[in-house]
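Subject: Structure for your review

Dear colleague,

Please find the structure below, followed by a short account of what was found in it. I would be grateful if you could look through the points in turn.

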Amino acid sequence: MVMSLLLYYALPALGSYAMLSIFFLRRPHLLHTPRAPTFRIRLGAHRGGSGELLENTMEAMENSMAQRSDLLELDCQLTRDRVVVVSHDENLCRQSGLNRDVGSLDFEDLPLYKEKLEVYFSPGHFAHGSDRRMVRLEDLFQRFPRTPMSVEIKGKNEELIREIAGLVRRYDRNEITIWASEKSSVMKKCKAANPEMPLSFTISRGFWVLLSYYLGLLPFIPIPEKFFFCFLPNIINRTYFPFSCSCLNQLLAVVSKWLIMRKSLIRHLEERGVQVVFWCLNEESDFEAAFSVGATGVMTDYPTALRHYLDNHGPAARTS
């Protein structure tokens, strides 16, 4: 009897909830004020375009801007004399062959990059370049004053966060410089240091969005972030190896593809003012996979290849 009553009331309630969730998933403007983007990302240059020239150098950035990149993706570190430099690694061994941390040296003492560096998301491929100098974040702000940039913070270096926040304010870049970090604890400090800068999703927030989508809650929850930088499941076990075990990578590739590559999810985020950008894609088949599910854009090590794809496919790259 109790079970019958439970089914009698619960099933219609669940059915009504599911219908309501689907209705608002497809019509988010009825619950949320649409946010017009300050800029749109179709072509993002990963580490400044690290497949074509040495990563994070001014030469690489210039090359990426010549390909009309919409965004320069950067990682920053702080030197001993408090200069914010563009460097993916804190330790200089991979980049320069010197087993020292950036924070242990003054800016003027930083070594040159190696003559060639392996492209992380294209194993076995190497980039070369005549420019081997590390650059200051301030140099990029001066050289590309209106170019959007994403600045990723790897660790809980509050001094680095404060320095970046101050530079962004000084160069009037609050709306076109994105805070990025994998960790929510770091992102909280970033937001406190400069709340006017747009936010990207952290890993835990990304999981929360996926969970909310599958529970039917996504249409009803607020989303303060404006950018969802997400790995493309297709590249796992091919150019991206999060685990040392091949079987785990294969499992992650299958599961994440099923969970993430949903047109209805990406369309909802887009209509809520969240740009979905897949990284780090270096082959045309991967560009196609990202745009076919409605992604806003793609992050790549090879901006020339992505520019060629976008120019050849035109509007189809966005409406597939």
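Helices (H or I, at least four residues) and strands (E, at least two) are taken from DSSP runs and numbered from the N terminus. This is a predicted model, in which local features need pLDDT of at least 70 and side-chain atom pairs count only at pLDDT 80 or more, while totals for chains, interfaces and linings use all residues. Residues are numbered from 1 along each chain as its sequence is written, and side-chain values use heavy atoms, with hydrogens and water left out.

Cis peptide bond. Trp 279 and Cys 280 are joined by a cis peptide bond, with omega near -25°. Cys 280 belongs to the loop that runs between strand 9 (275-279) and helix 10 (284-292).

Positive phi values. Arg 47, a residue other than glycine, has a positive phi near 50°. Its loop lies between strand 1 (43-46) and helix 2 (58-66). Arg 47 counts as buried because its relative accessibility is 6%; buried means under 20% relative accessible area, exposed over 50% and partly exposed in between (1.4 Å probe, protein chains only). Asp 172, also not a glycine, has a positive phi near 55° and sits in the loop between helix 5 (158-170) and strand 7 (177-180). Asp 172 counts as exposed, because its relative accessibility is 56%.

A contact in sequence terms. Arg 42 is found in the loop between helix 1 (2-26) and strand 1. With a relative accessible area of 26%, Arg 42 is partly exposed. A separation of 9.6 Å lies between the C-alpha atoms of Arg 42 and Gln 275, which are 233 residues apart along the chain.

Yours sincerely
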